[in-house]
Structures are given as structure tokens and as C-alpha cells.
Amino acid sequence: MIVRDSSPVEGTAKQSLTLPVDYTVVRGRRKTMAVLVRHETVEVRVPLFVSQAQIQDFVSAHVPWILRKLAHKAEQDAQRPDLRDGGSLHYKARTLRVRFVSAVAEHVDVTVDEIRIHGRALTPERAARVLQRWLLAEAREQLPARTRALAEYLQLGGRLKEVVFRKTRSKWGHCTSGGRIQYNWLIMLAPDAVIDYMICHEVCHLRHMNHSPQYWALVESVCPDHRRYVRWLRTHEHRLWL
Ligand SMILES: [Zn+2]
């Protein structure tokens, strides 16, 4: 059972405590209290029978941590793609200025410091569609061949059945036991070395369907810098989400 009661700290009985955060309390069958910081919202998960005072004390003790988290999320949000004319987009590890170009044929081209989105009567939504179609076309053109080449090199070509594309909310790549490799084409916004790592990650799953030491040894044999790219994705992937 889950009970939600919205309780900003100011509105509760303990008047001495005025905390700078609003939070929602979610009661459920659990043994401990926990704070979850999502985008601009703070949720406190607590056991069914915990008093308001206990919850307040718990939140109070976590305020510095909560504020740090909220600031970090706000910073990440500010770095997300801004597809207005004059906005910015992180593309292959550099920040490009977005330019709308009025044209009949939809197209995208990249200069040293600009990404130019061509189309008719562009709005941020239309620009996003043009950009996404372009990224998908780039992915289709490049990723199957690069995947096939690495699979052949590792003598896993026979196991690779197909390469497909899908924009998922949380994953960059996926490999099934049937030999189907799936990529999120937004990865085309990442630097080529990161794309190579992602290809390597999935192709190595054709031999090991897990993340065992043997699997990572195979990854390392092809991509010795893999830790760096995992770190890059962890730090920057929020900049790629359209
Ligand atoms: Zn994996």
C-alpha cells in the first residue's frame, strides 16, 4: 500500500523547522526512510507508521544533500539540447550554436561552431524532428557496417543477425541472445570514440551475454580505454537527450 501526502515542511506542526525544500511523503511497506530527488521534486519514502516529527528530522538531516542534488539536476537541465534558433546543442563533445535555415528540403549540416537545421517554418519541435531524422539516417549509414566489421574481426560475424535502431529512454544499446543488436541513434551526437565503445560493448555480448570478467576482458582487448567512455557517458549523456 502506498499513501501520498503532500507536506511542505512549513505547513506542519513543528514550527521551529522551516526547511528550504518542499517534499512529498510516500508511505509504504518498507523498513527505512529514503529521500529521492527527481527533477525539481523531492520524494521521501517512509515506512507506514513513522511520525511527522521523525520524517521532518530525517529530511532536515538531509537538506544539504538534497540542495546539492537539486542544483546538480538544474545544471544538467540547463545543458540539455535547446533547439531554438540561437540555442545550443552538444555535438561530438563540443557545444554548437543552433541555426535555423529556411529551405524547402529538410537537411542538417554542421560547421565549426554551428549546427544548421534546414526546413520550412521551423519551430523547436520541427527542428527536433528534422534533427532526429538526420541522426537516424547517419546511424543507419554508419553503425551496421562498423558493427559488422568488429564482429567479423572477433570472429563473431556468424552470430550477428541484424542491427536495428530504436530511441529508448534509458539505453544506448542492447544485444539479444538471438544476435540482434539495437542502438539508440541519439548516440550519433556523442564523440566517435564513445560510439566505438558502444559498438564494442554490444558486439562483445555476442560472445558473453553478461558483464562477467571474461566479458570485460574481451571489451578491453578491443577498447582499452573503455572506462573513460563509460565515464563520459555517465557525465554527459543528459546533454544528448532530445
Ligand atoms: Zn552490456
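The second largest pocket lies between domain 1 (3–77) and domain 2 (131–239), because both domains give residues to its lining. The domain bounds come from an automatic or database domain assignment, and the C-alpha centres of domain 1 and domain 2 lie 38 Å apart. The model is predicted: local features need pLDDT of at least 70, side-chain atom pairs count only at pLDDT 80 or more, and totals for chains, interfaces and linings use all residues. Residues are numbered from 1 along each chain as its sequence is written, and side-chain values use heavy atoms, with hydrogens and water left out.

Pockets were located on a 1 Å grid over the protein atoms alone, a pocket being an open set of points where a 1.4 Å probe fits, with protein on both sides within 12 Å along at least five of seven lines; lining residues have an atom within 4 Å of a point. A volume is the space filled by probe spheres set on the points, which are joined across faces, edges and corners. For the second largest pocket the volume is about 250 Å³. Its lining consists of His39, Lys73, Gln76, Asp77, Arg80, Arg169, Ser170, Arg234, Glu237, His238 and Trp241. Helix H1 (residues 52–78) gives three residues, the largest share of this lining; helices (H or I, at least four residues) and strands (E, at least two) are DSSP runs numbered from the N terminus. Six charged, four polar and one nonpolar residues make up the lining of the second largest pocket, where Ala, Val, Leu, Ile, Met, Phe, Trp, Tyr, Cys and Pro count as nonpolar, Asp, Glu, Lys and Arg as charged, and the others, Gly among them, as polar.

The largest pocket has a volume of about 360 Å³. Of its 17 lining residues, Trp172, Gly173, His201, Glu202 and His211 lie nearest the centre. At least two lining residues each come from strand E10 (173–175), helix H3 (192–204) and helix H5 (226–236), with H3 supplying the largest share, four residues. The lining of the largest pocket comprises seven nonpolar, six polar and four charged residues.

His201 and His211 also coordinate the zinc ion, together with His205, each through NE2 and at 2.0 to 2.1 Å. Donors are N, O and S atoms within 2.8 Å of the metal (3.2 Å for Na, K and Ca); water is not among the atoms, so sites may look incomplete. Along the chain the zinc donors follow the spacing H-x3-H-x5-H. His205 has a relative accessible area of 8% and is therefore buried (buried, under 20%; exposed, over 50%; partly exposed, in between; 1.4 Å probe, protein chains only).

Five aromatic pairs are present in the structure. Rings of Phe, Tyr and Trp (its six-membered ring) pair if their centres lie within 6.5 Å; planes under 30 degrees apart count as stacked, over 60 as edge-to-face and the rest as tilted. Tyr91 and Trp134 form a tilted pair, 6.2 Å centre to centre with 35° between the planes. Tyr91 belongs to strand E5 (residues 88–91) and Trp134 to helix H2 (residues 124–153), so this pair ties together parts that are 43 residues apart in sequence. Both Tyr91 and Trp134 are buried. Tyr197 and Tyr229 form a tilted pair at 6.5 Å centre to centre, with 35° between the planes. Because Tyr197 lies in helix H3 and Tyr229 in helix H5, the pair ties together parts 32 residues apart in sequence.
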